[in-house]
Amino acid sequence: MEYAAKVPLPDAFVQFLEANGLDPSIYTAIDSIPRYIRLKPGCEACLEEVEADLKCKLEKLEWLPLFYSLPPQIQIAGSRAYREGKIYGIDASSGAAVLALNISPGDHVLDLCAAPGAKLCMILDLLGGSGSVTGVDVARHRLAACRTMLQKYALGDRCRLFVADGTTFSIIPGRFHSDRKSCESGLEETGDVFKEWTSRRPWKERKMAKKNGTAQLVSKSHPPELIYYGPHSGVVGLTKRELYMILSDDEIANHGYDKVLVDAECTHDGSVKHIQKFEQWGWGTLQDRVLDADRTDNLYALQLNLLTNGFSLLKVGGSLVYSTCSLTVAQNEDVVEQFLKENETAELMEIDAAKNWPCKGGCFPKTWRFDSLTSQTSGLFVAKFTKVVI
């Protein structure tokens, strides 16, 4: 198959790609990369109806349950299946990152960089009527979009969402409180108790927010802000003191999260569609967003801090998946290598499902890379860790 670039890539970007061992032809394949959707569990019988609605044939992905590919020009947002919550758009490589978590019934899962929310929805779908999911994002408006998705797809019962910096977030899963309450059932609760969530905020709170304005990106020092919680997410019945309780490392070893996903902020250079946007934005902005050395250095530090903090909240024996939609070594293998040097309780794991994935091995053992030419997906790097006892 031949790929023809619509617009020649700038020399600086080509040099950037060559320095990272990347094939520039990856970025000329936009018209050949399918669009992907995930069918909500229980909607399998509606497949023909969905095909008729979208006016195209859906191709089932044998390596990724409930995922289908469709021609890239098909728009799903106007379809009845989309409006009714039977399908949602999510790239197959992102689905693979979630699948790598190997989620089991009853797991308590942390999605540390949850926006825009498709992976969060898939995690909740996999859990079904058990466990819980905690979604965290530094961007208030993007996390509000996640909340809208949860409500649209009726997936919010076991989820809670916090606007917070992922490098400092420290709230543990609700199961710790359940275990503690069962041991201390005779103790009287003190303080305000969380009742069922409502979208309506108290008048005084709304007035204060209007007066002070609301920052869309929160700082490290900003306390976690709970913007949504489902009735079975482990929040209802807790006091604020209990919800924001800080545990010791020994307590987290037993009561931390079973699974953690760190899909970290990156330069997005692995996304063909994202890079193609610079044709409209102007290639000059590429320098600031992708090529600038200071930005990539800052991202490396952020990615390492996100991975480190996510791992600190993982219970012993739990699994953490680190992913980015960058294909550069600096944001992927270099981060993994440094993290392993600094965390003696961390071990890289084999990803069992990867033997069926249409992808390539990374530059570090047990890591994997998706790209548009090899995988017919958006670019993605995936690594999986577990926490062991030393």
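**Notebook: annotated aspartates, a sheet and a helix**

I started at Asp137 and found that the backbone nitrogen of Ala139 lies 3.0 Å from a polar atom of its side chain; I take a polar contact as a pair of N or O atoms within 3.5 Å, where within protein one must be able to donate a hydrogen and the other to accept it, and where residues adjacent in sequence count only if both atoms are side-chain atoms. I note that this is a predicted model, in which local features need pLDDT of at least 70 and side-chain atom pairs count only at pLDDT 80 or more, while totals for chains, interfaces and linings use all residues. Residues are numbered from 1 along each chain as its sequence is written, and side-chain values use heavy atoms, with hydrogens and water left out.

I then looked up where Asp137 sits, and placed it in strand E6 (residues 132-137); helices (H or I, at least four residues) and strands (E, at least two) are DSSP runs numbered from the N terminus. Asp137 is buried at a relative accessible area of 7%, where buried means under 20%, exposed over 50% and partly exposed in between, with a 1.4 Å probe and protein chains only. Leaving aside residues up to four places away in sequence, I list among its contacts Leu112, Cys113, Arg142 and Phe162, contact being heavy atoms within 4.5 Å.

I checked the UniProt record, an unreviewed entry, which gives the feature "binding site" at Asp137, Asp165 and Asp263; such annotations may be inferred rather than shown by experiment. These positions spread over 127 residues of sequence yet cluster in space, with a largest C-alpha distance of 13.7 Å.

Elsewhere, I traced an open sheet of 4 strands in the order E2-E3-E1-E4, with antiparallel pairing; two strands pair if DSSP finds at least two bridges between them. Strands E2 (59-60) and E4 (87-89) are the edges, each pairing on one side only. Strand E1 (residues 35-39) is joined to E4 over 3 bridges, and Ile37 stands opposite Gly89 in E4.

Finally, I examined helix H15 (residues 333-342), in which Glu333, Val335, Val336 and Phe339 are buried. They lie on the same side of H15, because they cover an arc of only 160° around the axis, taken from the directions from the helix axis to the C-beta atoms. The buried residues of H15 pack against elements including helix H14 (293-312) and strand E10 (314-324).
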